[in-house]
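I opened my notebook for a slow look around a new structure. Come along and check each entry as I go.

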Amino acid sequence: MTQDEVFAKVKTILTESLGADDDAVTPHARLVGDLNAESIDFLDIMFRLEREFGLPKIDRNELFPESIFQGDPKFVQNGQVSADGLKELRAKMPFADISAFEKNPQFDKIGDLFTVDLITKFVHSKLKK
């Protein structure tokens, strides 16, 4: 399955799950900031991804690493994601492009990493395994 084919299915899932306008679900749309996803929506999205793509159960920490989001002092210091935190993000989210975030790694902006493109790349990486 190509990345474009994965994107088309992810777009449908997000449109249905979030009640988002089809035109709003673009690769760079942020799940929370642009599509108004809430924490409960992430569980529904993961379930729909599993079902649509025939994936084994997705561990929430695999797609949304809890250690970073909980503000662990090893990973977050003075409102910034530390070098260790960035290393953790890269290790847990190899499918994510965090290069722009690394330039100004404010913890309160970490949610901006979760875009439609990130979900697409995650699914595509799972399908290639």
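Below are my entries on a helix, a ring pair and a charged side chain, all from a predicted model.

**Entry 1: helix 5**

I began with helix 5, which spans residues 83–92. Which of its residues are buried? I found Gly-85, Leu-86, Glu-88 and Leu-89. Looking down the axis of helix 5, I saw these buried residues fall within an arc of 160 degrees, so they line one face of the helix. I reminded myself that an α-helix has 3.6 residues a turn, so residues three or four places apart point the same way. Then I turned to the face away from the buried side, and there I noted the exposed residues Ala-83, Lys-87 and Ala-91.

**Entry 2: aromatic rings**

I searched the whole structure for aromatic pairs and got one. Phe-95 and Phe-122 make up this pair, with 5.0 Å from centre to centre. Their planes are 70 degrees apart, and the pair is edge-to-face.

**Entry 3: Glu-50**

My last stop was Glu-50, in helix 2. Glu-50 is buried but has no salt bridge. How far away is the nearest side chain of opposite charge? That is Lys-57, at 4.8 Å, while a salt bridge needs the atoms within 4 Å. I did find a polar atom of the Glu-50 side chain 2.6 Å from the backbone nitrogen of Ile-58.

Key:
Residues numbered from 1 in each chain as written. Predicted model: local features only at pLDDT ≥ 70, side-chain atom pairs only at ≥ 80, totals over all residues. Heavy atoms only, no water. Buried < 20%, exposed > 50% of the residue type's maximum accessible area, 1.4 Å probe, protein only. Helix = DSSP H or I, 4+ residues; strand = E, 2+ residues; numbered from the N terminus. Arc of directions from axis to C-beta. Phe/Tyr/Trp six-rings, centres within 6.5 Å; stacked < 30°, edge-to-face > 60°. Lys, Arg positive; Asp, Glu negative; His and termini not counted. Polar contact = N/O pair within 3.5 Å; in protein donor to acceptor, adjacent residues only side chain to side chain.
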